[in-house]
Amino acid sequence: MSIENCLKSVLKRIASLEQEPAGLLERIRTEIGFARAFSALFPNRQAAWESLSLQAAEAVEKRLASEGFVGLAQAVSEAEDLMAPIGQAAKEHVIHCCGHAHIDMNWTWPWLETIAMSHDTFLTVDRLMDAFPGFKFAQNQITVYEAMERYCPEIFETIRRRIEEGRWDCTASMWTEGDKNMASGESLCRHILYSKRYLKERLGLPYDAVNLDWAGDTFGHAWTLPAILSRGGVTRYYHMRPGRGPWLTRWQAPDGSEVLEFNDKGGYGGAVTPQMAHLMLDYAKETGLKDFLFIYGVVDHGGGPTRQHLLSAEKLSGWPIFPTVRLSTTGDYFTAVEKCRDRIPIHRGEINFIFEGCYTSQSKVKRVNRAAETLLPESEAVCLIAGVAAGFPYPAEAFRRAWKLALFNQFHDILAGSSGHEAMEQAEARFQEAEALAGSARMRALRGMASRIDTAAATGLEPPAGKDRNAFSDSIGFGAGDIRIPGRMPTVSMGAVECEPVVVFNALPFPRSETVTVKLWNRMMDPGLIVVRDHTGKEVAAQVAGSSAYSEHRSVNILFPAREIPAMGYRTYSISEGSPPSPEQSAALAAPGVLENDFLRVEVDIPSGAIRHLIDKATGYDYAPEGRLMAFLEMCREVPHAMTSWDIGAFDEAIPLLSGWQMVDEASAQDNLDGDSLGMVVSRRVSATGPHRAAIRVLRRRGDSRISIETALSAGSPTVEITLHIRWREIGTPETGVPNLRMALPVNIQNARAAYEIPFGHITRDLPGQEVPALRWADLTGSRTGGQEECGLTLLNDGKHGHSASGDTLRLTLLRSSYDPDPLPEIGSHTIRLKLCPHAGPLKVWEADRAASAFNQPPAVVTTDIHAGPLPPLKSFAETLTPNIVLAAIKRAEDTGQVLLRLYETEGADTEARIRLTGLARPGAAAVECDLLERPLSRSAARMEGDILYVPVSAFGLASVLIGEAR
């Protein structure tokens with residue numbers, strides 16, 4: 001019989017003996033079992049050490065057989081003496097036991113309960129620290145610190161004292177333990193910025209004191225994350241999910257930035273028991289390292305370390321044939337393993353996937369998150385510009401408050417949609433406050449700028465003399481009743497007499513042309529004679545899109561093309577009656593079911609609501625596969641299963657909705673509502689037949705649900721716009737399963753490959769049929785059918801994340817009615833906007849990024865009156881001159897009057913970024929690169945030459961720059 005089998009036999013006989021109260025039998029059995037497993041780490045000593053383990057086991061058995069439990073203590077001592085060489089080697093291995101309390105924000109309980117559990121957890125920690133002088137504790141998430149400061153100040157003072165003692169390990173580099181697949185890159189930057197500022201201001205911790213991002217329960221980790229973390233002084237990363245992969249890596253982003261990543265396969269909270277040695281052995285076998293991190297404590301609903309955990313640690317630390325058990329900190333562990341950095345393998349790629357259902361559960365929270373991530377940086381940019389152009393005071397504190405509310409909503413169970421109903425309602429309330437803070441600042445800034453633009457010069461009219469009642473028209477004041485749309489300007493009329501002056505603002509750092517909408521209240525204009533003029537006198541005919549009514553007041557809703565709106569700037573127009581010219585570019589309903597503009601011909605199959613042909617007129621290539629439909633809807637159902645918010649179950653049906661659609665009856669009061677009304681204001685639309693926009697709307701009812709699809713082309717745009725209005729009444733239940741609504745997009749290509757936007761970058765994935773996350777765009781590119789040339793299609797969205805690609809088909813999940821923990825997450829009305837962007841040649845990521853930015857951030861149309869002013873009718877304030885560089889943020893620095901810019905590179909090319917700044921900084925101003933905390937770097941290559949900023953950005957890299965004199 002082998003030594004191993006002999007040992008097993010002896011241990012089995014020992015286990016059959018009656019357990020004794022002192023725990024010595026458990027101790028020696030565990031030590032012998034550990035010694036045998038530990039021996040496997042040392043092949044050259046394994047046989048000798050296994051022999052010692054067997055001798056020890058036989059010695060215990062022999063003494064117990066002759067003396068019973070009376071001789072147990074002596075038996076254990078003799079056995080441990082026999083195994084002393086093994087114990088000596090084992091003590092070189094250290095299990096760093098780190099106490100922690102994983103606290104879920106608003107998971108299946110209200111915010112007050114989160115506060116209460118945090119209070120009680122930290123009170124317990126303080127008492128245990130008094131009783132166990134060696135006990136140390138780690139806590140992440142600034143949200144819980146801020147909650148204690150605001151609601152439980154005595155607990156906050158306890159935390160401050162324990163930090164000063166060095167026993168409270170603050171691991172809060174992020175505002176909350178948030179989702180890192182669906183949050184934008186700029187949001188992740190703000191997590192670090194506001195977290196470290198809070199720790200410095202409230203707890204006296206220097207920026208460099210916290211260098212760990214604790215993402216224990218986060219459901220996935222984007223590949224670009226190390227680049228963001230490292231630029232915020234975060235060099236260490238802790239997570240538990242998805243659990244696959246190595247224990248420890250040097251995780252590298254696409255730009256080569258690196259963090260040390262610990263993948264906790266034991267979980268982010270457990271009990272201190274001998275079993276943790278088995279995890280250590282697995283870790284040691286894989287890494288060859290002698291320091292191991294073990295997290296213990298009661299989790300999710302708070303609790304943290306218990307007295308039992310600490311007593312167990314004391315007991316295990318006294319076992320001679322066992323690793324060193326040390327009450328420790330994450331810092332001690334990472335410092336130890338960093339000494340062996342060269343031995344740690346490199347990982348390049350994302351760390352995904354788990355809980356794929358979370359990319360689609362609770363679509364409302366994903367929509368408002370996108371709205372916040374779009375509105376907040378835009379508002380900062382607009383207010384910065386308005387400060388220069390109109391003396392608008394920059395509302396720094398309001399922006400900080402708004403960002404913190406938005407960041408809270410990115411908690412992994414909130415943004416992921418895996419929280420209960422009450423938590424999701426509270427998330428909506430947070431967004432409304434963030435929107436009010438940022439949106440009101442944007443509105444005031446734009447109105448202030450519009451009031452200083454020389455609209456008199458733009459219109460060629462004299463400003464009204466005086467301020468009497470004849471200085472404005474009957475239209476003044478109307479429009480305020482429009483529906484609330486996140487971040488949109490109200491369409492109230494300013495009451496100019498001769499015409500309607502409007503200013504179209506573009507907050508993006510590149511020029512753009514868009515079709516925009518204006519409401520003209522109480523103006524008795526002939527719909528066929530409405531003309532829009534720019535400041536040069538160039539005219540275009542307006543297209544009437546509909547009408548609105550409120551009491552006796554009426555409006556006409558018009559569309560017009562705003563061409564070449566300057567980068568981060570504006571263009572001024574006036575609207576009046578005249579003789580409209582013929583359009584230079586047009587979109588038209590060319591035939592029943594056929595849309596056409598200068599770039600595309602789109603044939604809509606009315607019975608299915610899908611696209612039969614999508615033809616590039618320049619090449620004649622049809623992006624819809626021959627004999628197949630594109631952009632059709634599928635109604636799917638998952639079989640009943642557990643954790644429906646988290647997991648996608650097997651489908652028991654997937655029904656393409658290829659029949660039963662009908663053209664919308666534009667004469668129907670019910671079907672013709674355009675969704676742009678609020679109670680007292682009633683809006684109606686007219687058929688969109690050109691010249692600026694042409695659309696086809698179809699409608700289908702399925703059970704109690706109602707879906708309309710609008711497919712549209714705009715003049716001058718090589719893209720297809722798809723808008724869905726859905727009244728969703730599909731309910732998931734444990735008996736019937738989970739209803740889904742998806743859109744399928746077959747593309748006429750071969751050898752397709754799928755690319756997806758991720759925070760500050762993109763990634764190519766080959767995961768056929770698997771639901772994967774993306775931010776604002778996903779792309780399918782391949783070779784043309786029957787040819788070698790490449791082409792593809794980019795799909796843009798305004799708040800969706802769950803995509804899948806299989807063969808030549810890209811899918812997007814639109815709605816998914818999970819039933820736990822919220823039983824009714826999707827019931828209600830949904831508006832979903834998508835855009836299809838066909839492209840000849842390979843995917844150009846910078847073009848996809850720009851298209852996605854423009855789609856999610858439409859121009860702001862600001863009504864005004866006729867007045868003189870110091871600002872010209874046309875102006876740009878900032879422009880990105882290197883197209884592969886994205887300007888993610890431009891704002892005022894947190895502590896100075898400097899301008900802060902954040903840039904990243906999209907195409908994988910080392911680039912000297914060039915950003916033209918006009919009026920935002922004086923020509924030749926000082927420029928210095930900085931980190932995410934806005935601290936200047938010791939080595940900086942940024943410079944201003946005239947009004948152009950030059951700064952090197954590495955391939956797929958990230959850069960932040962401060963411009964101007966600090967004050």
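Mentor: Let us begin with Asn522, which has a relative accessibility of 19% and therefore counts as buried. Bear in mind throughout that this is a predicted model.

Trainee: What makes Asn522 count as buried?
Mentor: The cut-off for buried is under 20% relative accessible area. Asn522 has 19%, so the label buried applies. Asn522 sits in the loop between strand S12 (512–521) and strand S13 (530–534).

Trainee: How do you know whether Asn106 is buried or exposed?
Mentor: Again by setting the value against the cut-off, under 20% for buried. Asn106 has 0% relative accessibility, so Asn106 counts as buried.

Trainee: Which peptide bonds deserve a look, and what is their omega?
Mentor: The bond from Asn352 to Phe353 is cis, with omega near 5°. Another cis bond joins Gly690 and Pro691, where omega is about 10°. As a rule, most peptide bonds are trans. Phe353 lies in the loop between strand S10 (346–348) and H14, while Pro691 lies in the loop between strand S25 (682–685) and strand S26 (693–702).

Trainee: Where is Ser361, and why is Ser361 called buried?
Mentor: Ser361 is also found in the loop between S10 and H14. Its relative accessible area is 0%, so Ser361 is buried. Leaving out neighbours within four places in sequence, Ser361 is in contact with residues including Lys366, Ala416, Thr644, Arg816 and Glu826.

Trainee: What makes Asp779 buried, and where does Asp779 lie?
Mentor: Asp779 lies in strand S33 (residues 777–784). Its relative accessibility is 1%, so Asp779 counts as buried. Beyond four places in sequence, Asp779 touches Arg753, Ala754, Ala755, Leu793, Thr794, His839 and Leu843. The C-alpha atoms of Asp779 and Leu810 are separated by 8.0 Å, although these residues are 31 apart along the chain.

Trainee: Now the helices. Why are H2 and H3 called roughly antiparallel?
Mentor: Helix H2 (residues 24–39) and helix H3 (residues 46–67) cross at roughly 165°, and their axes come within 8 Å. Angles over 145 degrees count as roughly antiparallel. H2 and H3 are therefore roughly antiparallel to each other. H2 passes H3 in a left-handed crossing.

Trainee: Which residues make the contact of H2 with H3?
Mentor: Among them are Leu25, Ile28, Ile32 and Phe38 of H2, and Trp49, Ala56, Val60 and Leu64 of H3. The residues of this contact divide into ten nonpolar, three polar and two charged.

Trainee: How do you know how H14 is oriented to H15?
Mentor: Helix H14 (residues 363–390) and helix H15 (residues 396–408) pack at an angle of about 165°, with their axes 10 Å apart. That angle makes H14 roughly antiparallel to H15, since over 145 degrees is the cut-off. H14 also passes H15 in a left-handed crossing. The contact includes Leu376, Pro377 and Cys383 of H14 and Phe399 and Trp403 of H15. Its residues divide into eight nonpolar, one polar and one charged.

Trainee: How many residues are in the largest nonpolar core, and which have the most contacts inside it?
Mentor: That core has 164 residues, and those with the most contacts inside it are Phe262, Ile890, Leu949 and Ile963. H14 gives the largest share of this core, 13 residues. Phe262 touches, among others, Tyr237, Trp247, Phe292 and Tyr333. Another core, of 79 residues, lies apart from it and includes Ala183 and Val772.

Trainee: Which residues of H7 are buried, and what covers them?
Mentor: In helix H7 (residues 142–151), the buried residues are Ile142, Thr143, Val144, Tyr145, Ala147 and Met148. Their cover includes H6, helix H8 (153–165), helix H9 (185–203) and H15.

Terms used: Residues are numbered from 1 along each chain as its sequence is written. This is a predicted model: local features need pLDDT of at least 70, side-chain atom pairs count only at pLDDT 80 or more; totals for chains, interfaces and linings use all residues. Side-chain values use heavy atoms; hydrogens and water are left out. Axes are lines fitted to C-alpha atoms, for helices over the stretch in contact, and angles run from 0 to 180 degrees between N-to-C directions. Helices (H or I, at least four residues) and strands (E, at least two) are DSSP runs, numbered from the N terminus. Angles under 35 degrees count as roughly parallel, over 145 as roughly antiparallel, 65 to 115 as roughly perpendicular and the rest as oblique. A crossing is left-handed if the near helix is turned anticlockwise from the far one by less than a right angle, and right-handed if clockwise. Contact means heavy atoms within 4.5 Å. Ala, Val, Leu, Ile, Met, Phe, Trp, Tyr, Cys and Pro count as nonpolar, Asp, Glu, Lys and Arg as charged, and the others, Gly among them, as polar. A nonpolar core is a set of buried Ala, Val, Leu, Ile, Met, Phe, Trp, Tyr and Cys residues joined through side-chain atoms within 4.5 Å. Buried means under 20% relative accessible area, exposed over 50%, partly exposed in between (1.4 Å probe, protein chains only).
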